[in-house]
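I opened a notebook page for this model and set down what I looked up, entry by entry.

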Amino acid sequence: MLKKTPVPGSGPTGGTPGTGEPSAASAAKPSNLALGIERIGFLSLRFPLLVAILLVAGAIGAAFGLSRVKVDDSLSQLFRSDTPEFKQYEEVTRRFPSSEFDVLGVIEGKDLLTRSSLEKLRNVVTDLQLVDGTRGIISMFSARQPPENGALPAPLFPETLPEGSAYDDLIARVRSNEILRGKLLSEDGQLTLIVLALDPDVVNSNELGKVVGEIRKTIDDDLAGSGLYAQLSGVPVMQLEIRNAVERDRLLYNSAGFVIGALIAILFFRHPSFMIIAAGPPLLAILFALGALGWLDFRLNMFLNVMTPLIMVISFSDSMQLTFATRDRLIAGDDKFQALRYAILVVGPACVLTHATAAISFIALTFSSSDLIRTFGEAGLTATIIAFVAVLTGVPLLGILLLHREAALAERIMKGDVGVGALRRFCGWIAARMVQRPGLYSLASLIVVGGLALIYANLEPRYRLADQVPDREKAVQASGRLDAKLTGANPIDVLITFPKGASLYAPETLQTIADVHAAIEKQAGVGNVWSLETLRRWLASKLGKSDVDTLKQYVDMLPDHLVRRFIDAEQDAVVVSGRVPDKDASALLPVVDSLDKALNDVRAKHPGYTISVTGLSAIAARNSANMIDRLNRGLTIEIVFVAGFIALAFRSPLVMLVSIMPGVFPILMSGTLLWFLGEGLQFASIVALTVSFGLGLSATIHFLNRLRREDRPADDPGVAVERATVLVGPALILTSVVLACGLAVTVFSDLPSLRLFGWLSAFAMLAALTADLLILRPTAMFLRRLTRRTAAA
């Protein structure tokens, strides 16, 4: 049996009781674990006034930088890269800027085609054209009748709607009209689509919210009392909702997470000074990091919006460890300078390594082909460096300023040390049981980790465009209605680029457009196909004419904003556009591949014409799975690299072996939970796992650092495990709870990707704590005993 490890603070001497350390001065021997980098904390002890002035000046500068932070609300940000596919998508967006600037008005009701409803709908269409910032509109009132005697074609809906049987005949013509049916009017006649094109300058400005609000108000006012239900969707509306959600989340949920963390800290410390010492540096780190991101022109997006809780995660863990170590030394009888010096020398090296492993996690993301994820990695790396400096200078500075009358303070702490004492007793109880049968527990851990790895290997990549958009707003609901009634809201485009010298109205060009249009119409899963061929077919069916002169005449009659949707201004390229529902990328990829394969016959028939399937839906279907797979492989490489880094830092291959299982457990456990919930691996989840791995190793590094100092050749390894657990365990538990709370508040976000990132990261942090207590202890004990026996033999 191993002897019971006393709780620190209960011994009679000036050292840490239960460890045999006589005093802070002799116990805090310099460590070469972090190459002495932790000694930057001594600057605060030697020059507190200078450091305080620098921090205040930095805070003022960061506040100005914080005001410069802007939001990136682009739906294509996740796939923004230097790949040929994305460059082609950007070219199509530039040359045919329709879908990027379209507000989709979805109006639905059982009485949609009654006379009174149509009158109100026509008022809506008329009034929407008067909204500032709009440049064109397409609706079922845009449809025309066949022209008579060479005159301009009259509107399908006359100025005064007929009554009786004449009205019934009109509705029959409307529902059978090939321009409207299945494109702007649902087959059941209960849903209609209004496409309102906005000025690109408005979409990219702060005026977007005002314009969309005016559109909503106009529709609501005109439809009042009609029984019709209207919703808005489209890229501009989604961008606005993303922008609003990001700004709202940044202010509300991140603040709530920090408040929860501070309340838990003061509950356990029972003294405001220690709460401020523990929570102050992370707060400074948040301010400095966000300010730096503002000055460096980083833009908030669905990933960078979690930077505040991430900075708190990175910095709070080490801040708590330093505060606990200082607190223990004060209880042991040291003055504040001795206590803070001890904390820097003993805990500081582990702080350096934890920030280094977190930095490696972010560096791994910088190799992604996605600009969004790469930017997130760069921002995280910047924030990690800033958090490291803020913690190692902030904790000793606040300790110097806030800790007074140390003896009286220590006495008050000991009298009210209920929460921390309970945590120490719990840690001692866990450690005592983990070291009794280390071989058995290590074997069980290996089996569990192996089983979880098999489940994790079966996770499949998942991606939906709707995951980037607030799903509690109306844009996603409106898109869902379009998916159900009009085959989809997301465009998929086929770009046709003409060979040099070929004209738009050349017979082969028109035939190429017709063949591409027909191929898209035949493709299962794609509907609502529009192109120049749509007009050509209408002229052929209504006028019996399909000659070039007639086609050109009618193209010239159309508004410029409508023509530019399908024909390039230089008339050397056209787009054939269809719509697909917002399904998982794995379901869309077979549709995109099948369409691209079907177009091979058209390419062979018309050599010289470049035919490419593009659009955000096509890019997402093709690239999302590959990008997630590459991130997943990158995580595997990161695990191996970080394990080697830890072995190098501790100068011990044994430490590398000890750290692997507790390091991968939270990843595998989180992946298993995703598999159980049927979520699959999404961008948000793989990034959460990548970051959580680096952050979750904090507990492992702090324990191994303390175990290294507590290990004595004359003692059984179990004694050192118990000592180290009792000394660092309470801070690890408290830190994990605080960090999980800080991350978990993001489940209240309107952004599905942020909710997933938050709850999965919180779960991974708690899983890391479980691995630290139940896997790391027996594994370290078992391997240490095995090493000693091998050396003795």
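**Entry 1: the chain as a whole**

I began with burial and noted that, of the 793 residues in the protein chain, 59% are buried. The model is a predicted one, and I kept that in mind for each entry that follows. For the overall extent I looked up the C-alpha trace, which spans about 110 × 55 × 45 Å along its principal axes. The secondary structure of the chain comes to 27 helices and 10 strands.

**Entry 2: salt bridges**

I then searched the whole structure for salt bridges and found 21. I looked at D328 and R424, whose side chains meet in one of these at 2.6 Å, N to O. Because D328 lies in helix 11 (residues 307–331) and R424 in helix 15 (residues 418–434), this pair ties together parts that are 96 residues apart in sequence. I checked the accessibility of the two partners, and both D328 and R424 are buried.

Next I took the pair E521 and R537, with a salt bridge between their side chains at 2.8 Å, N to O. Here E521 belongs to helix 18 (residues 507–522) and R537 to helix 19 (residues 532–542), so the pair ties together parts that are 16 residues apart in sequence. Are these two partners buried or partly exposed? I noted E521 as partly exposed because its relative accessibility is 37%, and R537 likewise counts as partly exposed, at 33%.

A further pair that I wrote down is D772 and R777, whose side chains meet in a salt bridge at 2.6 Å, N to O; D772 and R777 are both buried. I also recorded a network of salt bridges that links E91, R95, D568 and D572.

**Entry 3: cavities**

Rolling a probe the size of a water molecule over the atoms shows where empty space is left. Helix 11 gives the largest share of the lining, five residues. By residue class, I sorted the lining of the second largest cavity into seven nonpolar, four polar and three charged residues.

**Entry 4: positive phi**

Most residues other than glycine have a negative phi, so I looked up exceptions. N528 is not a glycine, yet has a positive phi of about 55 degrees; N528 sits in strand 8 (residues 527–530). I put N528 down as buried because its relative accessible area, 10%, is under the 20% cut-off.

Q571, also not a glycine, has a positive phi of about 55 degrees, and I located Q571 in the loop between helix 21 (560–563) and strand 9 (573–580). With a relative accessibility of 35%, Q571 counts as partly exposed.

Last, I looked at a nonpolar surface patch of about 400 Å², to which L43, F47, L50 and L54 contribute. I placed F47 in the loop between helix 2 (42–46) and helix 3 (48–66), and I noted F47 as partly exposed, its relative accessible area being 43%.

Definitions and conventions. Residues are numbered from 1 along each chain as its sequence is written. This is a predicted model: local features need pLDDT of at least 70, side-chain atom pairs count only at pLDDT 80 or more; totals for chains, interfaces and linings use all residues. Side-chain values use heavy atoms; hydrogens and water are left out. Patches are made of residues with over 30% relative accessible area and no salt bridge: like charges are joined within 9 Å, nonpolar side chains (Val, Leu, Ile, Met, Phe, Trp, Tyr) within 5 Å. Accessible areas come from the Shrake-Rupley method with a 1.4 Å probe; for residues, only the protein chains shown count as cover. A salt bridge is a side-chain nitrogen of Lys or Arg within 4 Å of a carboxyl oxygen of Asp or Glu. Helices (H or I, at least four residues) and strands (E, at least two) are DSSP runs, numbered from the N terminus. Buried means under 20% relative accessible area, exposed over 50%, partly exposed in between (1.4 Å probe, protein chains only). Ala, Val, Leu, Ile, Met, Phe, Trp, Tyr, Cys and Pro count as nonpolar, Asp, Glu, Lys and Arg as charged, and the others, Gly among them, as polar.
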